[in-house]
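This report covers the ligand site and the pockets of one structure. The sequence and model come first, followed by notes on each site.

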Amino acid sequence: MDAEGGTAPSADRLPPGQRMQRGEWPVLHYGPVPRFKPATWDFRVTGATAEEQGGIWFHDQFAALPTIDVVADFHCVTKFTMLDAPWRGVAARTVLDLAPPAPEATHVTVWAEYGYSANLRLEDLLRDDVVFATHHDGAPLTPEHGFPLRLILPHLYAWKGPKWVRGIEYLTADRRGFWEERGYHNIGDPWKEQRYSYQEDPGDGPPL
Ligand SMILES: Nc1nc2c(c(=O)[nH]1)N[C@H]1C(S)=C(S)[C@@H](COP(=O)(O)O)O[C@H]1N2
Ligand SMILES: [Mo]
């Protein structure tokens, strides 16, 4: 118990090299905050899809998909960790069930506004706590935190989860995303402290 009578978060919640973020939730991204345009917003599933047409949801359709609640820690590669962030949104698994990959798909690119992207292994999206989040702490995401949709992957550094996400592309071979091409680790597991691409082992990612 800490001085306020709550349970002090134990140090083993912090991945190596991380520190606890207290106070405000920082805003971190490259480039401007995009303006949400409901009339033209869609979420597309493209690439190596099981069925030729892939998938597309317009905003009201995506908003009608079943949701889950996830409480998860959030680790930024710049070394802050936010504990117990409450998210609500559509389980990534639900999206993959509704617009499945072809059997030969192994990886995905997650695409966001302005061409931001992150690459993942297909299995990263199949975990129970991976969510295309629409809400944080009971309220819709704010524009700077990714409204109307961002991907949350609690087991990876936060750059792997694009804000303002617009779709996924199934890949039959891995391909680096925005930060993975610019010096960040292809996998990005905070518990292994996989921050930078120079730390990659053979097989962790495509050649740079
Ligand atoms: N579209 C987009 N998503 C992004 C980024 C970005 O630059 N563009 N930055 C990532 C990084 S490095 C982090 S730490 C988190 C930050 O999320 P926050 O601003 O809500 O704290 O968003 C991630 N998602
Ligand atoms: Mo980050």
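Predicted model: local features only at pLDDT ≥ 70, side-chain atom pairs only at ≥ 80, totals over all residues.

## Ligand shell

## Polar contacts and cover

From the backbone, an N or O atom of Y30 lies 2.7 Å from an oxygen atom of ligand 1. From the side chains, a polar atom of H145 lies 2.6 Å from a ligand 1 oxygen, and a polar atom of R150 also lies 2.6 Å from an oxygen atom of ligand 1. On its own, ligand 1 has 530 Å² of accessible area, of which the protein covers 96%.

## Largest pocket

The largest pocket is where ligand 1 sits. This pocket contains about 520 Å³ of space. Its lining consists of 28 residues, with L28, H29, Y30, Y116 and W179 nearest the centre. These lining residues divide into 19 nonpolar, six polar and three charged.

## Second largest pocket

The second largest pocket has about 160 Å³ of space. Of its 13 lining residues, H59, A63, T134, H135 and P148 lie nearest the centre. The lining comprises eight nonpolar, four polar and one charged residues.

Three elements, α1 (59–63), β5 (80–91) and β8 (131–136), each supply at least two lining residues. The most come from α1, which gives three.

How values were computed
Residues numbered from 1 in each chain as written. Chains lettered and ligands numbered in written order. Heavy atoms only, no water. Polar contact = N/O pair within 3.5 Å; in protein donor to acceptor, adjacent residues only side chain to side chain. Areas by Shrake-Rupley, 256 points an atom, 1.4 Å probe, with all protein chains shown as cover. 1 Å grid on protein atoms, 1.4 Å probe; cavity = no way out; pocket = protein on both sides within 12 Å on 5 of 7 lines; lining within 4 Å. Sits in = over half its atoms within 2 Å of the grid points. Points joined across faces, edges and corners; volume = space filled by probe spheres on them. Nonpolar A, V, L, I, M, F, W, Y, C, P; charged D, E, K, R; others polar. Helix = DSSP H or I, 4+ residues; strand = E, 2+ residues; numbered from the N terminus.
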